[in-house]
Amino acid sequence: MSAFSEALFDELKKLEIPFQNLCVILPTQRSGLELKRTISQRVDGTNWIPEITTINQWAGKVSGLQSANHIELVGSFYKAYQGVMGANAQSLDTVVGWCDTLIKDFNTIDSHGLKNADVFKDLVAYTDIEHFSFLDKPLSESQSRYRTFWMSLKEIHDRFKTELASRKLGYSGMIISTCLEKLDTVISDDSTYYVFAGLNALSGCEQEIIQRLIKEKRAECFFEVDPYYIDTPNHHAGTFIRSYLKKGIGKALTPEKGLLEKDLEVDIYQTDFNLQQASIVGRLLENLPPESLKKTALVLSDESLLTPVLSYLPKEIEANMTMGVSAADSAVAHWMDLLFDLAKRTNVSDGDLLVKLDVWNEFKTNQVSLIMLPTMHAVTPPNGYMSIDALRESVNDPAWDLIFDWLKGEGRERVESLIQIFGQLGAAAKKSENKLLEIQVRKVAEELQVGLAQLKADGFDLLDIDGLKKIVFQWVRSVKVDLIGSHIDQLQIMGMLESRGLSFDHVIVTSVNEGVLPPKPNLESFIPYEILNHHRLPGKRERESVFSYYFYRLIQNASKLSLIFHTNREGMSGGEMSRYIAQLQYNLKILNPKLQLNWYAPEVSENSPIATAELVKDGYIFDQIKHHIEERLSASSINRFYEDPLEWYYTSVIKLGEPELAEVSDATYGTVVHDTLEQLYLPLVGGKVTLDLLTKMNSKIDEELDKAIAKNRDWVGATQGLNALLRQKAYEMITKFIDSELAYVNEHGAFDFVDAEVVMQAPFEVDVEGTTIRANLFGIADRVEGHENGLMVVDYKTGNVYPKDIGGEIDQDTLQSHPKLAQLMLYQWLGQQHYTRRIKGAGIISMPKPYNRGLCTEHSIEEKEIQTAYETFLAETIRAMLNLSEKLEKNSDFKYAKFE
């Protein structure tokens with residue numbers, strides 16, 4: 001039973017107010033369930049249970065406003081913005097790229113009860129000083145439009161709120177400020193007595209609401225705190241509540257024994273890799289008796305660890321998960337990406353719309369496509385292009401008609417087709433035997449269908465394909481797909497936010513790393529720091545204080561604490577233990593001698609709970625691997641399998657996403673460089689690479705690079721800090737590459753540019769224990785060049801590559817240990833199936849040294865002996881992947897490659 005709910009129940013009894021007249025407002029629904037259970041166990045006989053709700057739900061009820069979803073917010077914002085800016089308004093697909101930041105600023109202003117006229121007056125003055133005060137010439141047209149936008153922010157804000165209110169919708173700041181406006185009605189017409197409990201960082205409006213209700217003797221407020229951080233003046237965990245108690249807002253509920261005097265055992269586990277934390281969790285839980293599990297919470301600071309943690313969860317343990325996975329990491333998001341890619345790669349030729357068949361074949365074999373459109377159809381030929389009408393006739397199945405309408409449609413027709421596609425997908429998902437996939441698909445499909453219908457109703461359905469994709473995927477990133485949530489008497493798995501108002505004897509916290517706990521703050525804002533600070537709006541310090549409170553409140557009622565962090569520094573950041581571990585070690589330990597800290601690391605002993613991670617291939621995992629092989633087996637997947645089988649399972653088979661970082665990751669950097677080169681070279685497809693075209697290309701690098709950065713959601717801002725340096729590095733790398741191209745053409749003459757970002761795939765059958773497995777081998781070549789003696793398949797690498805990386809014989813041992821050679825051989829093999837022209841070979845262009853054009857395989861797939869040897873390697877690889885007797889083991893020596 002929760003210590004906080006016990007203490008709160010005692011305070012409710014002291015009020016001597018009938019429970020039917022009480023409304024208890026808590027931070028989460030889960031803490032409300034805990035209070036209900038406490039009341040049912042502590043009250044004798046039949047009695048009323050108070051109304052128990054969250055502050056957001058209560059504010060929505062008082063205000064009469066529902067929380068708008070992302071598409072509703074964007075549509076309403078654009079209507080307001082367009083109405084104010086008129087002819088100067090940017091297009092919706094452009095506004096989608098920046099409006100989320102401004103809406104977040106509006107939310108902050110409203111939730112703190114500020115007068116927007118004051119804030120925007122300061123903002124206009126600041127902008128004038130920064131951008132225009134030193135000009136000695138009249139403003140240009142673009143400068144004038146820019147200044148007009150800043151001067152119009154107040155009116156845009158007002159119209160935005162009016163538009164939402166007309167639909168009885170709002171965002172959280174608007175809802176709580178409207179609740180404050182209607183508080184007099186609540187006070188005069190309502191006989192309910194309100195109890196606010198377990199809250200921490202209150203907005204300005206929330207503070208005023210609680211203060212007024214207390215003043216009217218209609219409310220009480222209780223904060224869950226520990227004397228350690230409340231009585232320590234500079235301790236971040238007590239930042240907010242100390243100020244509230246000084247203002248007379250509420251009372252403090254403290255535990256019987258605080259952090260300075262209680263017995264607390266803290267086990268700290270250090271791992272080499274992020275995913276290795278899951279194996280530690282499994283080993284900790286398998287040793288706990290059932291009664292202890294009921295009093296245990298597993299808190300995932302990085303919620304992307306949920307999938308591997310579930311894989312390691314002992315089968316006999318039942319768990320309650322009050323959290324979900326991001327829809328952006330789901331299988332349906334990948335399918336949607338293919339759907340949009342299919343439309344983007346549909347070309348016009350002589351009035352006909354032509355579908356790129358390699359992209360089509362990948363789309364139609366996707367697992368989500370098979371839910372919606374279960375009938376498989378062969379398409380001949382497997383590569384090249386086919387007109388939509390010819391393809392429709394070839395398929396000859398009405399179930400696919402919506403997809404063809406989507407490809408042919410524009411503007412409103414395209415949006416209408418997308419609405420119907422999601423409707424059909426949601427209905428089909430109900431019949432799926434894969435329940436996890438069904439939940440993901442239904443959640444995304446049903447809600448997105450409603451959001452797009454609203455977009456259409458608002459008249460914002462003339463977006464081009466890029467703008468439509470941008471708004472759809474921004475919405476998808478805001479959606480969480482719930483997994484499991486049932487009984488209370490089980491192991492509890494939750495995120496840090498869900499832990500508010502709950503208490504546990506044993507708390508296990510993963511990813512206790514700096515930058516994850518506390519997370520790096522998202523400081524994107526149209527409002528400069530000086531103005532935020534002047535109006536006392538929350539910033540970096542306040543956000544850190546919020547998570548400091550979450551952490552210390554979570555541990556203050558525990559008797560056992562298990563903290564896990566990883567030391568993997570691959571990428572731009574990571575690998576540093578959280579400041580909270582250091583605070584326990586160097587601050588709390590000194591003040592409380594009863595605090596016991598135990599450190600565990602892989603070097604301790606063979607019996608350490610951090611033994612090498614492994615996973616046994618049961619039937620479920622086997623089916624996942626088989627599906628992965630049959631859906632899309634790429635060179636990167638094959639190489640990762642040999643580098644680290646366990647990492648391969650998580651990243652390639654079940655496609656587990658890595659946590660988002662404030663800085664640009666290696667993978668994101670490489671993607672941006674590749675995307676920029678793709679757009680620069682696309683106009684050359686089917687023609688020749690000449691000196692004239694390359695010279696003109698140089699002037700477009702800046703524009704295409706900025707476009708590539710803008711469409712990549714992981715690259716937040718490129719104008720300051722590390723991201724700005726990386727942007728400059730990318731620019732110099734691309735410029736140097738084009739200079740090398742000029743030098744090559746100047747020496748060897750123009751060459752054919754056959755294709756860019758070409759998707760190649762082909763079936764490959766393997767006998768596995770008497771069963772034929774039909775693998776779909778897959779690769780995307782950055783470019784295909786045409787020379788006199790045949791085609792050359794080329795791959796860009798943003799890291800250094802050396803001749804030794806692609807040398808050696810074509811045999812099992814060499815291909816396993818030379819991933820770049822294995823990739824080039826697969827590209828040759830696929831190219832042989834894809835093109836009718838002879839495949840001369842495959843090579844790599846290493847961007848740091850682009851003048852070296854000799855990084856090519858010395859083996860030709862045309863040679864029968866080489867082809868046989870390579871296909872033997874493929875067959876043995878697939879058999880090894882599916883071998884049930886071989887465990888998926890963690891390779892502790894594996895390190896991610898950089899800038900691939």
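## Salt bridges, surface and backbone of a predicted model

Arg838 and Glu862 form a salt bridge whose closest N and O atoms are 2.8 Å apart. Arg838 lies in the loop between α37 (819–834) and β26 (839–846), and Glu862 lies in the loop between β26 and α38, so the pair ties together parts that are 24 residues apart in sequence. A salt bridge here is a side-chain nitrogen of Lys or Arg within 4 Å of a carboxyl oxygen of Asp or Glu. Helices (H or I, at least four residues) and strands (E, at least two) are DSSP runs, numbered from the N terminus.

The structure is a predicted model, in which local features need pLDDT of at least 70 and side-chain atom pairs count only at pLDDT 80 or more, while totals for chains, interfaces and linings use all residues. Residues are numbered from 1 along each chain as its sequence is written, and side-chain values use heavy atoms, with hydrogens and water left out.

**The protein as a whole**

The protein has 900 residues, of which 54% count as buried. Buried means under 20% relative accessible area, exposed means over 50%, and partly exposed is in between (1.4 Å probe, protein chains only). The secondary structure comes to 38 helices and 27 strands. The accessible surface of the protein is about 39300 Å², and 48% of this belongs to carbon and sulfur atoms. Accessible areas come from the Shrake-Rupley method with a 1.4 Å probe; for residues, only the protein chains shown count as cover. Among contacts (heavy atoms within 4.5 Å) between residues at least 6 apart in sequence, 79% join residues at least 24 apart.

**Salt bridges**

The structure holds 35 salt bridges. Three of them, including the opening pair, are set out here.

| Pair | Closest N and O atoms |
|---|---|
| Arg838 and Glu862 | 2.8 Å |
| Asp795 and Lys797 | 3.1 Å |
| Glu765 and Arg774 | 3.8 Å |

Arg838 is partly exposed at 39% relative accessibility, and Glu862 is partly exposed at 41%. Salt bridges that share partners also join Glu6, Asp10 and Arg42 into one network. Glu765 is exposed, with a relative accessible area of 55%.

**Surface patches**

Patches are made of residues with over 30% relative accessible area and no salt bridge; like charges are joined within 9 Å, and nonpolar side chains (Val, Leu, Ile, Met, Phe, Trp, Tyr) within 5 Å. Leu260, Ile590 and Leu591 make a nonpolar surface patch of about 300 Å². Ile590 belongs to helix α28 (residues 579–591) and is exposed, at a relative accessible area of 64%.

A surface patch of negative charge gathers Glu809, Asp811, Asp813, Glu858, Glu863 and Glu865. Lys and Arg count as positive and Asp and Glu as negative, while His and the chain ends are not counted. The place of a charge is taken as NZ of Lys, CZ of Arg, CG of Asp or CD of Glu. Glu809 sits in the loop between β25 (790–797) and α36 (812–817).

**Backbone details**

Most residues other than glycine have a negative phi, and most peptide bonds are trans. Glu16 has a positive phi, near 55°, and is not a glycine. Glu16 is in the loop between α1 (3–14) and β1 (22–26), where the residue is exposed with a relative accessible area of 71%. Lys217, also not a glycine, has a positive phi of about 60°. The loop between α12 (204–215) and β6 (219–224) holds Lys217, which counts as exposed at 67% relative accessibility.

A cis peptide bond joins Leu517 and Pro518, with omega about -5°. Pro518 is in the loop between β17 (506–510) and α26 (529–534).

Which residues of helix α3 (residues 55–63) are buried? They are Ile55, Trp58, Ala59, Gly60, Val62 and Ser63. These buried residues pack against β1, β2 (51–54), α10 (172–181), α11 (183–189), β5 (193–197) and α12. Just after α3, Gly64 has a positive phi of about 80°.

Asn883 lies in the loop between α38 (864–882) and β27 (888–889) and is partly exposed, with a relative accessible area of 27%. Asn883 and Glu769 are 114 residues apart along the chain, and their C-alpha atoms are separated by 9.2 Å.
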